[in-house]
Every structure is written in C-alpha cells, then in structure tokens.
Amino acid sequence: MDKIRVKGGRRLEGTLVASGAKNAVLPAMAASLLTSEPVTLENAPEVRDVTTMARVLQRMGASDTRLKDHRLILEVPEIRAPEAPYELVKTMRASILVLGPLLARCGEARVSLPGGCAIGARPVNLHIAALQKLGARIEVEHGYIVATGRDLRGAEITFDAKTVTGTENVMMAATRARGRTVLRNVAQEPEIEDLAALLSAMGARISGAGGEAIVIEGVEKLHGAVHPVVPDRIETGTFLMAGAITRGDLRVENCRPDHLGAVLEKLKEVGVRLAIEDRAIRVLPGGPIRAGNLVTLPYPAFPTDLQAQYMALMTQAQGTSLITESIFENRYMHAGELRRMGAKIDIDGHSAVVQGGTPLTGAQVMATDLRASACLILAGLVADGETTIDRAYHLDRGYERIEEKLRKVGAAVERIH
Ligand code: EPZ
C-alpha cells in the first residue's frame, strides 16, 4: 500500500497546471450511457476514480475506454447488463451516477447501495425520491437499488436538500423523459453546469443549470459529443493553500478563478496575497496568515471539499479559528492526525476550534479520505522533519500525480511503494 513521504521546510515556487475536475468527469462518464454513439471527454484527469468508473461502464457494455493524453473516449453501443455491482460501487460511491442514465437508456437498473464512507452515512434517498417522481418504480432490497421505468415522464421536482450527484442523476434521467421536467432547490456547483453543457452537446434540451431551477424538455434520442471537462476547482484551491502555508510564490494555470469566489475571498480575508488572472491564480509571499472563521455550505459558498486543507492552513495562522462543517456529519477525521503532528484542535459536533501558531512536527499519519490526505500533505510541507502519509490511494482517487506536481515546484515529496 503506497505511502507519501514529505519533508517539511520548503517554500513552493513556480507554476502548476490544474487538471480536469474529478467531480465533473465522473457524471460526464455516466452520461455516455445515454447514447450508443461515442462521447469524447477532453482534459480528463488521470485519476483512479476515472479508472473505476470506466470499469463500471465496461460491465454494462461500454467498449474499452481509452484515456490517452487526457482524452477519454467512451462508447456504449448497447447496454448488456444494467447493473453496478457491490464490489465496484463500494470502492467509489459516485457509481450511483449510472442509475439515472440507465433508467433513461433502457428502463431498468440494478445499482448497489453505495453505503457510507469515512465522512458520513452518505444516503441516496433524495436521488430515489426524485427518480420516483419521474415515474420510476424503485425497490431497495438485499443492498441493491432495483429500478424500472420504461416510460419516464417529466415532473416538477423540488429537492428536500441540495445534493450534487442527486441533481446530476435526475438531470440525466429527465433528458429522455417524456415532457418537461422542472428541478428546484438544485445543487449549483460548476460541475452541474459542466454536465448540462455536455448533455446539451448531446442533443438534450436543458436550461438553467447553475441557477435555482433547471428546466429539461425530454427528447427521443441523444447523440455523441466532444466535451472539455471543466478544470478542478478543489485541486486548484488545494494548491493555493499549499502555496500559502509554505509562504511560497505559486501560480496555478488552466484554472477557473470564477469558480473559486468564496475561497479566494476567504484566503484574502486571512491575509493571503493573490494575483488573479482570467485563467490563472498566483499566491504571492506576504505578511502573516491571520485566523479566520469558516462555514462550509453548498456552492457558491465555501466548499466542504476544501475544509480539511483550510484547517491545516489555520494551524499556522495568528489567532484561533472556528470552522463549521455543515455538509457532512463526520468530516473531521483529519483533525486527529493533525493533532499527532502538534496541532491544537478541539472538535465539538460540527464545529472545530483551531488554535493558530502551532509549530507542527513530522509524524506517521493516516489518510482517511481524499481531501484529508491533501490536508496532511499541506501540514507535512510545513512540519519540522518528515511526515509519512499512509493509504496514499485516497489521494490517487482525485489528484493526478500530486507528488510529481508538488515536486516540480520545490516540495520534498516522494511516493514509497
Ligand atoms: C458530491 O458528493 C461530491 N462528489 C463530493 O466530493 C462533495 O463533497 C459533495 O458533493 C458536496 O455536496 C462528487 O461529485 C462525485 P451531496 P455527493 O449529495 O453528491 C446529504 C470529494 O472529496 N444527502 O451533495 O455524494 C449528504 O449526506 C467528494 O471529491 C442526503 O441526505 O454529496 C450530505 O450531507 C467528497 N440524501 C449532503 O446531502 C441524498 O440522497 C450533500 O451531499 C443525498 C445527499
């Protein structure tokens, strides 16, 4: 099992290029089920979750998907088996994203319940309720979601809570439902807009993605398309905080500053100097980092996927910060690992009080989820001595060759097999 070893004390300097967004390429891959024609995704990140999703699609009948030079070509001439088995779904919850497209394409689906993960129970009740409103008949039995629906009909659906993959699942199902679907209280993340752009390129009639309501007029058929995957705002935010925590001079190219509004505002508020261009952001060396409170909320507010990285940064700030994680019920697993490096963090339910100005020392730590792993790398970059992060596979799920990227800008980071 791979480990990542980080030696602290190096400032990051230079330029990094953001990859395509993991949380955009996964729904886009699922959307390829909606047509028998090839769908080409450009700027696709070479991360483990893409490989896993490709395996899920191949089980269903996709031809072998080729990911070369960040170009992914997906083709599902026919659905051989509308099933996502437990052994694959348990390794990647986002497999639930095949449910809506399978229903739309072939009127049936058998998808393993994703189950929980380190950060929370991760239920899918909102996905199921919304698909039932489109006319799907859904049973949950023996750990599987068994859905049928050969004649999905458009409907007015208001989600009880904002759900990113729930919104994406229902958007995809509605593209081939008869009539008009209006979705309200939808997630507004950039990845939703990116999926809508792909679906439109495939012939779907969809408007309003990224806003409060999404309107979809069902169509008979969808065709193939070529689509550039939106840059990863979470990877970008992670790198910006790596630059800030090491007091470095780091530029991130091929990114979307307009997708990071709340994050850039927060970083400026705590004293990080930023130079913002159209498709690049540069962190500049500046004065001391100040403490700053944070509440994670659905987009366009500060994303939960950058909460752990921000916590690492606040251990080095002047003063005490209060962090409130309002999206997931158990997303502070990284706090225990940071404490082992010398951080002073008190957790009380959804709140974390982070004392700043705490020198960190290198230690053996364990990654519990994708973003917690990134947080531990950031802490390792400033810790005195060497930090070894176990279970590096978490990182590989959503960060493309992160140790190579960070080494390129001066970090002493290596992978130990
Ligand atoms: C997506 O997960 C992202 N994953 C997550 O990124 C991200 O943290 C999350 O959205 C932010 O909301 C992908 O896009 C593949 P949700 P998703 O449905 O869709 C509750 C990463 O690190 N909920 O928006 O699974 C849920 O428990 C990952 O890249 C229900 O109660 O999240 C949570 O508290 C981690 N019932 C909240 O809603 C449901 O049916 C938001 O979950 C669905 C969700």
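What is the volume of the second largest pocket? In this predicted model, where local features need pLDDT of at least 70 and side-chain atom pairs count only at pLDDT 80 or more, totals for chains, interfaces and linings use all residues. Residues are numbered from 1 along each chain as its sequence is written, and side-chain values use heavy atoms, with hydrogens and water left out.

The volume of the second largest pocket is about 260 Å³. A pocket is here an open set of points, on a 1 Å grid over the protein atoms alone, where a 1.4 Å probe fits and where protein lies on both sides within 12 Å along at least five of seven lines; the points are joined across faces, edges and corners, and the volume is the space filled by probe spheres set on them. The lining (residues with an atom within 4 Å of a point) consists of 16 residues, of which Arg150, Leu152, Arg176, Ala177 and Arg178 lie nearest the centre of the pocket. By class, this lining holds 6 nonpolar, 4 polar and 6 charged residues, where Ala, Val, Leu, Ile, Met, Phe, Trp, Tyr, Cys and Pro count as nonpolar, Asp, Glu, Lys and Arg as charged, and the others, Gly among them, as polar.

The protein chain is divided into domain 1 (3-19 + 231-416) and domain 2 (22-228), with bounds that come from an automatic or database domain assignment. The C-alpha centres of the two domains lie 30 Å apart, and their contact (heavy atoms within 4.5 Å) takes 25 residues from domain 1 and 22 residues from domain 2.

Strands (E, at least two residues) and helices (H or I, at least four) are DSSP runs numbered from the N terminus, and two strands pair if DSSP finds at least two bridges between them. Strand 22 runs parallel to strand 23 (residues 386-390), to which 3 bridges join it, and Val365 has Ile389 in strand 23 as its bridge partner.

Strand 15 (residues 249-253) and strand 17 (residues 280-284) run antiparallel and are joined by 4 bridges, with Val252 opposite Ile281 in strand 17.

Most residues other than glycine have a negative phi, and most peptide bonds are trans. A cis peptide bond, with omega about 15 degrees, joins Tyr299 and Pro300, and Pro300 is placed in the loop between strand 18 (294-296) and helix 10 (307-314).
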